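Me: I am new to this structure and would like to know what the terms used for it rest on. Please go through it with me.

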Amino acid sequence: MNDCIFCKINQGIIPSEKLYEDDMFFVIRDINPKAKLHYLAIPKNHYKLFSQMTENDQANLGKIIKKISEIAPSLGLSNGYRLIVNQGEDAVQTVFHLHIHILGGERLPV
Ligand code: 5GP
Ligand code: ZN
């Protein structure tokens, strides 16, 4: 966990502009955007996979997804967006702290 880049961003050890933050999660811009707008919604609690979620993590994730829908307009995503969560090797997950990619700002490829 000490080496986790998203935990370090959460703690302010690595500076990053938080576009939204509450007690459950925060939103930052992806450093290597794959769409015109590409954000990461990052739960504050460290876990890598859905399979590792506690009951509290599960409850929070539902609230986080609802909150993303509420803040979407302020992120320039009024016309829709795509959520992606990479899980494990075959998905080429590169940061082992669960995060939700939020893509939009343009018509995305099908
Ligand atoms: P994954 O491949 O694990 O689903 O996604 C990790 C994402 O985190 C990648 O899209 C990558 O560009 C992004 N990323 C990695 N390091 C940093 C960082 O230090 N800051 C930000 N804002 N994004 C990062
Ligand atoms: Zn972490």
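Reply: F26 stands opposite I42 in β3. This is a predicted model, in which local features need pLDDT of at least 70 and side-chain atom pairs count only at pLDDT 80 or more, while totals for chains, interfaces and linings use all residues. Residues are numbered from 1 along each chain as its sequence is written, and side-chain values use heavy atoms, with hydrogens and water left out.

Me: How do you know that β2 and strand β3 pair?
Reply: Two strands pair if DSSP finds at least two bridges between them. β2 and β3 (residues 37-43) are joined over 5 bridges, in the antiparallel sense, so they meet the definition. Strands here are DSSP runs of E, at least two residues long, numbered from the N terminus.

Me: What joins strand β1 to β2?
Reply: 2 bridges do, and the strands run antiparallel. Y20 has V27 in β2 as its bridge partner, and a hairpin of 3 residues connects β1 to β2.

Me: Why is strand β2 called largely enclosed?
Reply: Buried means under 20% relative accessible area (1.4 Å probe, protein chains only). In β2 (residues 25-29), 4 of the 5 residues are buried, so the strand is largely enclosed by the rest of the structure.

Me: Which residues have the most contacts inside the largest nonpolar core?
Reply: They are F25, V27, A41 and I68, in a core of 18 residues. Such a core is a set of buried Ala, Val, Leu, Ile, Met, Phe, Trp, Tyr and Cys residues joined through side-chain atoms within 4.5 Å. α2 gives the largest share, 4 residues.

Key: Chains lettered and ligands numbered in written order. Buried < 20%, exposed > 50% of the residue type's maximum accessible area, 1.4 Å probe, protein only.
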